[in-house]
Amino acid sequence: MNKTDRLLAIVLELQRHKVMRAEDLAAAFETSVRTIYRDMQALSEAGVPIIGSTGQGYSLMEGYFLPPVSFTVEEAVTMLIGMDFIEQKFDSDYGAKARASRGKVEAILPENVRNEANRVRKSMRLLTSGKDAVKEQEKEYLERIRDAILEERKISFRYMKSAPEPDGNRQSSRVAEPYGLVLNQGAWMLVAHCELRQEIRHFRLSRMSELHVLECRFHVPSDFNLHDYKPSDDRDISITILANPDIADKVIESNNYFMTGTEEHPDGLLVKFRVRQPGDLLHWVLSWGAGVVVLEPESFRRRVRIEVENMLKRY
């Protein structure tokens, strides 16, 4: 930690703990007591109202806060919950930074705002379902890809495709130029230029393995902006299903990526999808058992029927 960061951290520690001895500060920042004395002198010369009491320690003048920013309870809760989200969904490096940031924010809040914010936070909780959980390997890959993006280095990896090739193979080796990362419906996606396909493609981190950051460098095209980027929509196959009334709400709550709309129907709920290939929806439809029926296209109805018949042969 450099001197500037340490001076700011000392002020934040004094705001949080009210009074601290030089020995405790030295232990907290892994430095000498003499260095802490010099830091206190530097803070005083910079105008920070440090009060030193023999035998007790250092404290800040009553009413002094750094930085001089005022937050409402709602704003404080928003920031703290946002840090909780980052800790859950981002890699370990950003998770640690989120925890450190939370401590700093709590330190600069006036006591009444801090207490009220904590009271509100206790009434809320972020839960991550098994479906949305970010696995440890995915978090590790997230950190390594993020570094590769910042350093503009190519990456190589093995990728498990959602649909097999005609020969039944689903694995492929890729080299790509990573442009950005997107969190989409609880899953991290890499937007990258794929050398195999010679175009921008999307890769789920959960389907990657054997990831390596290469020495080869690249430059992101000057006209590419991740926040303005909209992938071409090649989902040109329409599928319509009918869901039984007793599971209609659950079907809607499933928030399937390919779902484009719903419509009330006398016999239940009509649900429309657009997919690249029928296989994208096959297992999702089967997971509802007899609770849903495919209305169109007929080719997909036949495929579901064949899959069910194959399942019956195993029982």
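**Notes on the predicted model**

1. Glu 177 is buried but forms no salt bridge; Lys 154, the nearest side chain of opposite charge, lies 4.1 Å away.

2. Helix α3 comprises 13 residues (33-45), and the distance from its first C-alpha to its last is 19 Å, close to the 18 Å expected at 1.5 Å a residue. Its buried residues are Thr 35, Ile 36, Asp 39, Met 40, Ala 42 and Leu 43. Because these cover an arc of only 160° around the axis, they lie on the same side of α3. Arg 34 and Glu 45, on the other side of α3, are exposed.

3. The packing partners of the buried residues of α3 are α1 (3-17), α2 (22-28), β2 (50-53) and β3 (57-60). Just after the helix, Gly 47 adopts a positive phi of about 100°.

4. How many salt bridges does a search of the whole structure find? The total is 19. One of them pairs Asp 39 with Arg 6, with 2.6 Å between the closest N and O atoms. This pair links distant parts of the chain, since Asp 39 is in helix α3 and Arg 6 in helix α1, 33 residues apart. Asp 39 and Arg 6 are both buried.

5. Glu 87 and Arg 99 also form a salt bridge, their closest N and O atoms being 3.2 Å apart. Glu 87 is in helix α4 (residues 73-89) and Arg 99 in helix α5 (residues 92-108), so the pair ties together parts twelve residues apart in sequence. Glu 87 counts as partly exposed, at 25% relative accessibility, and Arg 99 also counts as partly exposed, at 43%.

6. Within helix α10 (residues 298-312), Glu 298 and Arg 301 are three residues apart and therefore separated by about one helical turn. They form a salt bridge whose closest N and O atoms are 3.3 Å apart. Glu 298 is partly exposed, with a relative accessible area of 40%; Arg 301 is partly exposed as well, at 27%.

How values were computed
Residues numbered from 1 in each chain as written. Predicted model: local features only at pLDDT ≥ 70, side-chain atom pairs only at ≥ 80, totals over all residues. Heavy atoms only, no water. Buried < 20%, exposed > 50% of the residue type's maximum accessible area, 1.4 Å probe, protein only. Lys, Arg positive; Asp, Glu negative; His and termini not counted. Salt bridge = Lys/Arg side-chain N within 4 Å of Asp/Glu carboxyl O. Helix = DSSP H or I, 4+ residues; strand = E, 2+ residues; numbered from the N terminus. Expected span 1.5 Å × (residues − 1). Arc of directions from axis to C-beta. Contact = heavy atoms within 4.5 Å.
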